[in-house]
Amino acid sequence: MRDQEPGIKDQTIVQDRSPKPEARSPSLAVEIAGIRFANPVLAAPGPLGFGREVQSVVDLRAFGGFVTKSVTVEPRAGNPYPQVVQTPSGWLNSLGLPNHGLGGFIAKDLPFLRTLGIPIIVSVAGESVDEFVTLVEWVAREADVAAVEVNVACPNVHAGLVFGVDANLTYELISLLRARCPVPLFVKLTPNVTDIAVVARAAQEAGADALALINTIAGLAIDVERRQPKLGGVTGGLSGPAIRPVAVRMVWEAARACTIPVIGMGGITGADDALEFFIAGARAVGVGSAVIDTPNVASQLCEGLTSYLVRHGFSSITDVVGTLEISS
Ligand code: SIN
């Protein structure tokens, strides 16, 4: 029998039922110093403290990672009250690094942080080189500590800024600590310097794995009736949206001066604020004070970042990093 050419009527219409590739949501994941963060919004110190204090009101697991308030060798009650005042341009704080000390942190705070299931970065602040060495060696040997952040930027303690405002001291301290730290070492930089690029480069050359900036800007608020400082610690550190342009500028300068990742922070309250930092060169951002008004700020930022990526056709937040265009 002759093979019949199938007529139109005989043809079976085969429908393709194989799964269609779905429009994939852009990725918010970032990697810094080998640590994978599911999203680039990190819980920065400030009102978030060590996490336990705010766990009932803030969904800490929505953050890509948690950076602790700085741990010191001995427990600290903090500076005299008032520790925080509101100014027309943001919060001025002189907390003075209140914390349970190294032993208290390991016994009380770290076990809670471990339950979050996100990378934990432990900030440490020493009053001397020896104290920094002690802190880094003890903290870095604890399980589940993804990285140690060296805070050479606190404006509210006697020795806070000694290292961070001097590029040579920063280099010496970080070189020493780098050799003793088996996990990635981040360095928190202060904006209270003339040229952030010089200190950023010193930290990188000493072996820092990432930079975090900026800490608060030193300020003074005066009660004119009493002619006295409003803060118990006299001077303090200014945070909030007013410092954002300064922070974005410094992130841009540090990112241009260095090849290691930069984590940007300072006055972020919405996705556009965070995007300014990414475009300036930050690979992740830190959010602290914004949780006071918006406890779910991390999820809100992630939603806003995702919709920006979709709108601009980017497949990953990393595609946005350092894309500032300057027309000559
Ligand atoms: C403080 O505890 O005084 C603020 C922390 C810091 O600025 O590093």
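Reader: How do the residues lining the second largest cavity divide into nonpolar, polar and charged?

Author: They divide into seven nonpolar, one polar and two charged. Here Ala, Val, Leu, Ile, Met, Phe, Trp, Tyr, Cys and Pro count as nonpolar, Asp, Glu, Lys and Arg as charged, and the others, Gly among them, as polar. Among the lining residues are Glu-149, Lys-188 and Gly-286. Bear in mind that this is a predicted model, where local features need pLDDT of at least 70, side-chain atom pairs count only at pLDDT 80 or more, and totals for chains, interfaces and linings use all residues. Residues are numbered from 1 along each chain as its sequence is written, and side-chain values use heavy atoms, with hydrogens and water left out.

Reader: How should I read two packed helices?

Author: Two packed helices are described by the angle between their axes and the distance between the axes. In this model, H2 (residues 129-140) and H3 (residues 167-180) pack at about 30°, with axes 10 Å apart. That makes H2 roughly parallel to H3 (angles under 35 degrees count as roughly parallel). Axes are lines fitted to C-alpha atoms over the stretch in contact, and angles run from 0 to 180 degrees between N-to-C directions. Helices are DSSP runs (H or I, at least four residues), numbered from the N terminus.

Reader: Which residues in H2 meet H3?

Author: Val-129, Phe-132, Val-133, Val-136 and Glu-137 of H2 meet Leu-173, Leu-176, Leu-177 and Arg-180 of H3 (contact means heavy atoms within 4.5 Å). By class, the contact has seven nonpolar, no polar and two charged residues.

How values were computed:
Helix = DSSP H or I, 4+ residues; strand = E, 2+ residues; numbered from the N terminus. Parallel < 35°, antiparallel > 145°, perpendicular 65-115°, else oblique. 1 Å grid on protein atoms, 1.4 Å probe; cavity = no way out; pocket = protein on both sides within 12 Å on 5 of 7 lines; lining within 4 Å.
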